[in-house]
Amino acid sequence: MSKALLVKLAKISLPYIISISLAFGVAGFILYFGGYDVVSGYQTILTASFWNFNSFFLTLTKFSTILLMSLAFLVPYISRKFNIGVEGQYLMGALGATLVGLVVSAPAGVHVIISILAGIVFGSLWASVPAFLMSRYRVNEVISTIMMNFIARYSVIVFAMSLWRDVASGHPMTIPISATATLPLLNPSPPLSSAILFSITTIAILYFTITFTVFGYELRATGTNPRAAEVFGVNTKLLMPLSLVVGGSLAGLGGALDVTGYYYRLIDGMQSNYPSLGILIALLSKGKITFVLPVAFFISVIDVGTNALQRIQRVPIELVLILEGLLLVFILVSESLRWWRK
Amino acid sequence: MSTASLDLTAIIVSYVRTVLIYLVPYLLTSLGVVISGRSGIYNISAEGVMLLGASVTFLSTYFSSGNIMAGILYAVFVGVLVGLAFGFLTISLKLNQFVVGTTFFVLCTGFANLLYKLLIGVTLTPPYIETLRPLTIPVLSDVPYVGDALFKHNLFVYLSFILVATSYYMLYKTYVGLNFRAVGENPKAADTLGINVTLYRYVGTIIGTILMSVSGSYLVLSTTGLYTETIVLGRGWISVGIAIFGRWHPLWALVGSALFAGVESLVYLIQSLQSVLGLRVPPESLLTLPFIATLIVLALVYKRAELPQAIGRPYDREAPEEYT
């Protein structure tokens with residue numbers, strides 16, 4: 001009995017194990033080709049997050065951001081919409097939070113909440129442009145959200161170089177936001193921001209919404225078969241753009257949390273490669289919200305590991321994107337091959 | 001008075017010249033997207049493939065001591081490889097084309113920067129390669145103004161115009177082109193008529209990625225001779241927009257490319273004239289213009305936007321009914 005179960009489990013997990021090994025195999029080849037020490041490279045990538053509290057908290061911080069970014073892609077993806085504009089929405093969320101953090105003055109607890117809310121609003125407004133263009137003018141959301149990314153990137157630079165520019169820095173960034181607009185730390189040193197609590201709460205709320213509410217059900221129905229959903233009275237014309245806006249608010253929240261909890265200012269390029277990582281995480285999770293949590297954590301570990309590897313051996317940071325991209329390709333291939341055999 | 005008008009002519013001539021220079025990458029990439037799309041494959045990874053083409057061209061030219069031909073050939077080779085992989089996943093394995101496209105965008109971008117960093121590393125002054133020399137057309141280039149604007153360009157500029165004409169002719173005036181479009185419109189009917197859907201789609205995909213990759217080569221070879229991570233800067237994505245705007249038609253792709261090259265050149269023109277005109281606009285705000293233009297243009301054409309009917313949908317001979 002248990003043996004049969006074990007065999008079944010092995011059969012299910014085998015393609016994933018093969019995919020992970022293949023992706024790491026290619027990464028190892030890249031390391032070898034670049035003249036790096038392959039074995040210690042692997043070791044660093046997989047274990048750097050757990051060397052000390054500092055790097056573990058760093059992993060959690062990145063995990064918190066990446067998690068929100070992949071959710072920002074995942075929610076529209078459930079209704080079959082491709083929100084590649086995660087980056088722009090994140091940046092605008094960061095910009096909104098920074099703006100409130102700089103301009104408004106309010107007591108400590110209130111200020112940070114308004115800042116975060118401003119980030120959510122900015123993110124969803126930024127996503128509502130492509131959502132509007134999609135529902136009114138049938139503009140493909142892949143292209144429009146990408147365009148919004150570029151516009152956001154330049155807007156951040158313009159904003160960061162304007163009134164609140166930090167003149168001490170050569171890189172475009174604003175001066176720090178007021179202390180009242182910052183999130184409290186869970187651990188003072190090494191620092192761990194309470195931002196991660198927001199991320200975890202968000203994913204819990206989302207899981208509940210998608211699984212148990214009418215909105216979630218209709219969203220899933222729209223994604224599975226839009227025609228059928230429409231016939232059964234689901235307002236797909238509203239749900240699809242709405243899911244993009246929800247995605248935008250999630251990415252905006254991510255940006256706002258990074259400003260109020262980590263950077264304390266707006267910095268050009270603060271999005272790093274996280275938008276791409278987040279999108280691939282959502283695709284790796286096949287649109288399943290429960291899968292996002294472990295996958296996002298795994299990718300955060302690899303990202304921190306690759307960063308450490310970059311410092312130690314000067315390995316290009318692109319390795320993490322390639323590793324994740326290949327992982328996705330191999331998993332897609334192995335799954336469709338399995339489907340073939342059936 | 002006379003000096004002012006002289007300046008204006010010079011500005012117009014140099015503007016038209018710049019438009020033609022910046023038209024090529026849009027044109028090559030959007031042609032790639034169009035041709036691939038006509039066979040039914042929606043390839044949104046253009047931006048990444050362009051960057052990979054640029055990186056490979058730079059590296060192979062640099063390490064073959066300035067052999068531009070080697071650079072282009074390697075870009076073609078990479079285009080074939082990417083096309084084969086893309087085709088295998090989307091045609092043979094029938095995976096979602098947007099998922100594969102997004103993944104390939106990330107992967108190609110990653111590989112492009114990785115290759116450069118591994119082979120060149122981080123340097124204080126970036127290495128550069130010789131750029132393409134202009135090819136003056138004998139008689140025509142002597143025509144005042146027009147000669148300077150139109151007939152003193154590098155080979156790529158002329159070739160890309162020939163390419164538009166060729167692909168238009170091939171797609172719309174030949175039997176092969178008819179088959180090709182049939183595969184993108186109604187693969188089932190095409191299959192019934194004995195057309196090899198898989199083969200046509202592979203060919204379309206590979207031609208597409210070759211064009212995207214070579215478009216990346218052009219970016220490196222045309223003006224700066226440098227490779228940077230921001231060398232493509234959204235041109236790939238805009239080109240996908242041009243393909244949609246141009247209703248997946250080569251001639252309309254030319255119109256769209258001219259439009260966007262016009263906008264981009266305008267940005268550079270305004271930037272260069274800023275001190276003269278006394279404008280004080282942050283340069284980054286001007287750089288958003290092409291992207292805003294894309295959004296506006298795509299919103300404007302929605303009424304007559306058409307897609308090849310089967311684009312984005314894998315063809316499965318055994319699927320009982322086409323569902324939409």
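These entries go from whole chains down to single residues.

**Ground rules**

I'm working with a predicted model, where local features need pLDDT of at least 70, side-chain atom pairs count only at pLDDT 80 or more, and totals for chains, interfaces and linings use all residues. Residues are numbered from 1 along each chain as its sequence is written, and chains are lettered from A and ligands numbered from 1 in the order in which they are written.

**Confidence**

I checked pLDDT, the predictor's confidence in each residue, from 0 to 100. Chain A averages 93, and 98% of the residues score at least 70.

**Whole chains**

I counted 13 helices and two strands in chain A, and 13 helices and two strands in chain B. These are DSSP runs numbered from the N terminus: H or I with at least four residues for helices, E with at least two for strands.

Next I looked at the radius of gyration, which is taken over C-alpha atoms, with a globule rule of 2.2 Å times the number of residues to the power 0.38. For the 342 residues of chain A, a compact globule would come out near 20 Å, and the chain has 21 Å, which agrees. For the 324 residues of chain B the rule also gives near 20 Å, and that chain has 21 Å, which agrees. Along the principal axes, the C-alpha atoms of chain A fill a box of roughly 65 × 60 × 35 Å; for chain B the box is roughly 75 × 45 × 40 Å.

Then burial. A residue is buried if 20 or more other C-beta atoms lie within 10 Å of its own, exposed if 12 or fewer, and partly exposed in between, with C-beta atoms placed from the backbone. Buried residues make up 53% of chain A and 47% of chain B.

**Where the chains meet**

How many residues of chain A are in contact with chain B? I found 37, against 35 residues of chain B. Contact here is C-beta atoms, placed from the backbone, within 7 Å. Helices H5 (108-137), H6 (141-160), H11 (274-284) and H13 (319-341) of chain A each supply at least two residues of the touching side. By class, that side has 28 nonpolar, six polar and three charged residues. For the classes, Ala, Val, Leu, Ile, Met, Phe, Trp, Tyr, Cys and Pro count as nonpolar, Asp, Glu, Lys and Arg as charged, and the others, Gly among them, as polar.

I picked Leu321(A), which lies in helix H13 of chain A. Leu321(A) is buried because 23 other C-beta atoms lie within 10 Å. Beyond its neighbours within four places in sequence, Leu321(A) is in contact with Asn273(A), Ser276(A), Leu277(A), Val106(B) and Gly110(B).

**The core**

I looked for nonpolar cores: sets of buried Ala, Val, Leu, Ile, Met, Phe, Trp, Tyr and Cys residues joined through C-beta atoms within 7 Å. The largest has 193 residues, and Ile281(A) and Cys108(B) touch the most other members. Its largest share, 14 residues, comes from helix H3 (residues 53-78) of chain A. Another core lies apart from it, with seven residues, including Phe180(B) and Ala190(B).

**Two helices**

The expected span of a helix is 1.5 Å times one less than its number of residues. H6(A), with 20 residues, should span 28 Å, and its end C-alpha atoms are 28 Å apart, which agrees. In H6(A), 19 of the 20 residues are buried.

Helix H9 (residues 197-224) of chain B reaches 41 Å from its first C-alpha to its last, close to the expected 40 Å. Of its 28 residues, 22 are buried.

Most residues other than glycine have a negative phi, and most peptide bonds are trans. So what did I find with a positive phi? Arg80(A) has one of about 70 degrees although it is not a glycine; Arg80(A) sits in the loop between H3 and H4 of chain A. Lys94(B), also not a glycine, has a positive phi of about 60 degrees. With 16 C-beta neighbours inside 10 Å, Lys94(B) counts as partly exposed.

Pro190(A) is in the loop between strands E1 (185-187) and E2 (192-193) of chain A.

Conventions. Two residues are in contact if their C-beta atoms, placed from the backbone, lie within 7 Å.
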